Amino acid sequence: EMDRALGEVKSLGVRESALKQLADTSYDFALQYGKSATEFINSSYDIQSAISGLSDADLSAFTLSSNVLAAATKADAATITNYMGTMYGIFKNQAIGMGKSNWVEQVTGMTATAVQMFKTTGSEMSGAFTAIGAEATSAGIGMNEQMAILGTLQSTMSGSEAGTKYKAFLAGVGKAQKALGLTFTDSAGRLLPMVNILDQIKGKYGDTLEVAESDALAKAFGSKEAVSTVKLLMNDITGLSGSIKDLGKVK
């Protein structure tokens with residue numbers, strides 16, 4: 001079974017040296033976590049298919065991190081492998097900049113922390129980032145802030161719904177600042193941190209939004225989904241700020 005699994009990975013053009021390292025890592029993982037070494041190798045096939053240009057060490061590191069994260073977040077390896085592919089697509093420049101192996105360890109630690117912090121699951125977090133895609137990253141928002149926002153939203157909705165609502169917020173925030181007479185960008189035109197934006201909206205409308213104020217916000221942002229994001233995050237701006245900082249400390 002191991003030979004067959006390794007043969008499938010080899011068919012993707014993976015070198016013998018990488019296969020040897022992968023096999024050794026799979027045995028260590030199986031012994032430490034009581035999981036299947038063969039399934040570990042199978043998940044590396046998906047990793048190699050989704051992410052091109054991985055070195056020997058990177059392929060083992062990505063596969064190990066994916067499988068550890070699956071165990072830690074009560075998700076199956078296929079879901080987390082897909083999640084890692086999605087995250088790499090969104091944060092590719094950051095991954096290349098800090099080194100792919102270092103990056104995947106940070107994503108693993110940050111995701112496991114977020115799942116524990118927000119009482120969510122790996123599969124729900126995967127759904128959230130699949131829904132948001134690269135929208136937030138394109139706006140210059142860091143992974144820790146994205147994860148904190150998506151995690152907080154999941155207290156009342158699914159991961160995919162959280163991603164959709166956050167995406168609606170980002171789509172409308174540019175025109176909303178003009179309509180509301182507020183400034184949500186810095187001097188270079190980059191989006192301010194979510195906490196700053198929420199503080200400005202809170203300063204304009206107070207702690208709670210009345211029906212007329214919600215309608216005004218919906219008109220400004222262009223969607224009710226965006227207002228749902230604002231309402232939920234405004235409930236505990238201090239908590240959100242703390243979550244963003246805590247996730248930012250995970251290396």
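My entries on the pocket and on the salt bridges follow.

I worked from a predicted model, in which local features need pLDDT of at least 70 and side-chain atom pairs count only at pLDDT 80 or more, while totals for chains, interfaces and linings use all residues. Residues are numbered from 1 along each chain as its sequence is written, and side-chain values use heavy atoms, with hydrogens and water left out.

Entry on the pocket. I took a pocket as an open set of points on a 1 Å grid over the protein atoms alone, where a 1.4 Å probe fits, with protein on both sides within 12 Å along at least five of seven lines; lining residues have an atom within 4 Å of a point. I noted about 150 Å³ of space in the largest pocket, a volume being the space filled by probe spheres set on the points. I found Phe-29, Lys-35, Glu-39 and Asp-76 among the residues that line the largest pocket.

Entry on salt bridges. I counted seven salt bridges, each a side-chain nitrogen of Lys or Arg within 4 Å of a carboxyl oxygen of Asp or Glu. I looked up Lys-202 and Asp-207, whose closest N and O atoms are 3.4 Å apart. I then looked up Lys-249 and Asp-246, which meet at 4.0 Å, N to O.

Entry on exposure. I used buried for under 20% relative accessible area, exposed for over 50% and partly exposed in between (1.4 Å probe, protein chains only). I recorded Lys-202 as partly exposed at 32% and Asp-207 as exposed at 58%. I recorded Lys-249 as exposed at 61% and Asp-246 as partly exposed at 38%.
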